[in-house]
Amino acid sequence: MSKIKFYQGNNLPLEMHKVRIIQKLNLIPVDQRLKAMSEAGNNTFLLRNRDVFLDMLTDSGTNAMSDNQLAAMMQADDSYAGSETFFRLEAKLTEIFGTRFFLPAHQGRACEHIISKVFVKPGSVIPMNYHFTTTKSHITLCGGRVEEVFADEALKVKSDHPFKGNIDIDKLVDLIEKEGPENIPFVRMEAGTNLIGGQPFSLENLRQVREVCDKYGILLVLDASLLADNLYFIKKREEACKDMSIREITRAMADLCDIIYFSARKLGCVRGGGICTDSPELADKMRELVPLYEGFLTYGGMSVREMEALAVGLEETMDEDMINQGPEFIACMVKELERRGIPVVTPAGGLGCHVDAMAFVDHVPQHQYPAGALAAALYIVSGVRGMERGTLSEQRDEDGNEVFSNMELVRLALPRRVFTYSQVMYTVDRLTWLYENRKLIGGLRFVEEPKVLRFFFGRLEPVSDWQIKLVEKFKEDFGGSL
Ligand code: F0G
């Protein structure tokens, strides 16, 4: 049972850790924020950290590490080949996932690169609960196609479905029948489905997917980057799992999969990644690409210090008191935003709080990137850096047409154990002000648009002088020093 404590009538989660190292933050005044946003091409990826107050861009590589992780870093065994650190990490993964083979990689997308290169051929179809940006790019680059087979509920912004990340089994079977199992090298299941709001899948759903894979002889690949949140939700929301430990749930999930890969920038709260499998044949197929693209087999592009900390971070992931802070803080933020009538994805997921830009700025058409515009506006009025997860994060089709995203979200990531309750509430307050003044927000258009992963380095401008008007109103209400 989780020891998480609540106070004030169960409304506030109480952390089971204390903060022992801090980093000073800076909140530059609104005029400077407007200038910084303009210089960043209205793309929050291009902001400099010195201009950011609360960095809610991502949880990737920004989670707070524990004292035991930092201590472990001092014991790392430096060497190109045969590092003891590698064997300690491999043993931890074997203990937790039951997989005998571990191929390290420098981060999650590097695993996707290797898996795609080995298994995806021109014409391959990869069914999945939902795509992630880098996953789709790697599969597409290898000539494959992503097919999402999520349940209808997945795209409902307001929902009380506990597992919006589930695969729709009928749709999966229909797709396999239509495309032919020989064209489907694997089914990909993403834990804590990132782009639809950090939504989990259930253990039961994974079992059903496995049954289908067995029937057709197809591999099952788990993207475990957001596993910690998914585990916590299975424990809290899946009746049949409520008496299982996090460790037991992890093992039950892992036993159903042929390949597990992860970004350790999320899972384990360090920086790195890797691929696990219990199959010597599958490990053999992927192994040679590790030294080619990543680094020798015992480090794969990761620093040994990060690897040592990862072994500890994985063990800590098995402790409910260590993984509850993220989802519980997010739930708190979502509840407060809902109470104030601000459109937000429900039920609360992992990773962060997802504001529904389609409803927030329903006067901004999709071709003017409502989620990008809202992310820019929020930074200007608060110094909070969120991330666009909508049409900007898609790429144009082969004919150059805009591919409109199913959802237009602004993700406010809560890196694990980093922000305080008052910082979360500051963000909620600024969002409330912005919602009251939402008609002042206008759209964006590209000034420079890269062909691949345009959301990372594309530059945009406001379609009118709306940002100047927004700042004028902000100063009327708060003055110019905030
Ligand atoms: N899979 C999922 C589900 C992810 O969320 C990410 C990264 C990756 C794979 C790729 O891992 O960054 O280590 O190469 N998500 C980050 C984010 C970038 O901000 O959500 P990576």
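In these legends, a helix is a DSSP run of H or I at least four residues long and a strand is a DSSP run of E at least two residues long, both being numbered from the N terminus. Every view is drawn from a predicted model.

**View A. The shell of residues around the ligand.**

A polar side-chain atom of Ser263 is placed 2.6 Å from an oxygen atom of the ligand. For Asn194, an N or O atom of the side chain is 2.8 Å from a ligand oxygen atom, whereas for Gly108 the atom found 2.8 Å from an oxygen atom of the ligand is a polar atom of the backbone. On its own the ligand would have 470 Å² of accessible area, and the protein covers 96% of that area.

**View C. Strand β11 and its antiparallel partner β14.**
Strand β11 (residues 352–356) is largely enclosed by the rest of the structure, because 5 of its 5 residues are buried. This strand runs antiparallel to strand β14 (residues 409–413), and 5 bridges join the two.

**View D. The loop between α14 and β11.**
Which peptide bond is cis in this view? The bond that leads from Thr346 to Pro347 has an omega near -5° and is cis, and Pro347 is found in the loop between α14 (325–339) and β11. Leu351 has its place in the loop between α14 and β11 as well, and its phi is near 70°, a positive value in a residue other than glycine. With a relative accessible area of 1%, Leu351 is buried.

**View E. Leu453, in the loop between β15 and α18.**
The loop that holds Leu453 lies between β15 (444–448) and α18 (454–457). The phi of Leu453 is near 45°, again a positive value in a residue that is not glycine. Is Leu453 buried or exposed? Its relative accessible area is 18%, and Leu453 therefore counts as buried, given that the class takes in values under 20%.

**View F. Strand β8 and its parallel partner β7.**
Strand β8 (residues 219–223) is largely enclosed by the rest of the structure, since 4 of its 5 residues are buried. Strand β7 (residues 186–190) pairs with β8 in the parallel sense over 5 bridges, and Leu219 in β8 is the bridge partner of Phe186. Phe186 also has a C-alpha atom separated by 9.6 Å from that of Ile259, although the two residues are 73 residues apart along the chain. Ile259 belongs to strand β9 (residues 259–263) and is buried, with a relative accessible area of 0%.

**View G. Phe132 and Asp223, brought together from separate parts of the sequence.**
Phe132 occupies the loop between β5 (125–128) and α5 (133–141), where this residue is buried at a relative accessible area of 17%. In sequence Phe132 and Asp223 are 91 residues apart, while in space their C-alpha atoms are 9.8 Å apart.

**View H. Thr277 in strand β10.**
Strand β10 (residues 273–277) includes Thr277, a residue that is buried with a relative accessible area of 2%. Between Thr277 and Ala254 the C-alpha to C-alpha distance is 9.3 Å, and the two are 23 residues apart in sequence.

**View I. Ile28 and Ser481, 453 residues apart along the chain.**
Ile28 has its place in the loop between β2 (12–14) and α1 (30–39), and with 8% relative accessibility this residue counts as buried. The C-alpha atoms of Ile28 and Ser481 are separated by 8.2 Å.

Key. Residues numbered from 1 in each chain as written. Predicted model: local features only at pLDDT ≥ 70, side-chain atom pairs only at ≥ 80, totals over all residues. Heavy atoms only, no water. Polar contact = N/O pair within 3.5 Å; in protein donor to acceptor, adjacent residues only side chain to side chain. Areas by Shrake-Rupley, 256 points an atom, 1.4 Å probe, with all protein chains shown as cover. Buried < 20%, exposed > 50% of the residue type's maximum accessible area, 1.4 Å probe, protein only. Pairing = 2+ DSSP bridges.
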